[in-house]
Amino acid sequence: MADPSPADPAARADSVPRAVIAEDEAIIRLDLKETLVEAGYDVVAEAASGLPILAAVAEHGADVALVDINMPGMDGIELTARLTASGACAVVVVTAFGQRDLIQKASDAGAHGYIVKPFDKRDLVPAVEIALGRFAELQTLRGRAGELEERLETRKLIDRAKGILMDSYGMTEAQAFRFLQTGAMQRRDTMAAVASAVIEGAVPPPQ
């Protein structure tokens, strides 16, 4: 099964926050659900193992997942790793008191917060809200990193195309840059696209 990808935040900007619960103890699962519903969350899926939750997030989307660490089948560590690697939603792990080693493993897998069983209902919603805040910060940082990477790739393309124009047609660097810039304006395209076409030999040589 493919891992879920993050839903479009703009499409759900005004909607009720969605939650999913992976917990193999039915009573705890019910307590988690009731507490979230009372706090205004829409619990779109609940299950006793990780795989159904992974499928539910892929189908319905979610803002946060509450994940028990010890579950049959796909356990909470694997579920956390797959949800966070895909950037699908925030993850709050639910663990028993004294399982510090498992909390560390969940943190290493990308969890945004945790709560210890037996939990106080007054502690659950703040833990979820903190996790949502951390998730939002990470998504912003990922977006900025992606933009920087894209700019770097664009610069590499333009530099390579300029090199071809300078070597093959005796242009100066400034002339090569203007050639790419003018080509982008004429084509109503990006300079990166024109640079790629130059590299591929798909642009007529300068007269």
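## Strand S4 and its neighbours

S4 and strand S5 (residues 113-117) are paired in the parallel sense through five bridges; strands and helices here are DSSP runs numbered from the N terminus, with at least two residues (E) for a strand and at least four (H or I) for a helix, and two strands pair if DSSP finds at least two bridges between them. Within this pairing, Val93 stands opposite Tyr114 of S5, and Ala96 stands opposite Lys117.

S4 also pairs with strand S3 (residues 64-68), again in the parallel sense and over five bridges. Ala90 in S4 is the bridge partner of Val64. S3, helix H3 (residues 76-86) and S4 form a right-handed β-α-β unit: with the strands pointing away from the viewer, the path from the first strand over the helix to the second runs clockwise.

## Burial

Of the seven residues of S4 (residues 90-96), six are buried, that is, under 20% relative accessible area (1.4 Å probe, protein chains only).

## Model and confidence

This is a predicted model, in which local features need pLDDT of at least 70, side-chain atom pairs count only at pLDDT 80 or more, and totals for chains, interfaces and linings use all residues. Residues are numbered from 1 along each chain as its sequence is written, and side-chain values use heavy atoms, with hydrogens and water left out.

The protein has a mean pLDDT (the predictor's confidence in each residue, from 0 to 100) of 84, and 88% of its residues reach 70 or more. Mean confidence is highest in strand S1 (residues 18-22), at 95, and lowest in helix H4 (residues 100-108), at 76. Over residues 8-14 pLDDT stays under 50.

Methods
Contact = heavy atoms within 4.5 Å. Buried < 20%, exposed > 50% of the residue type's maximum accessible area, 1.4 Å probe, protein only.
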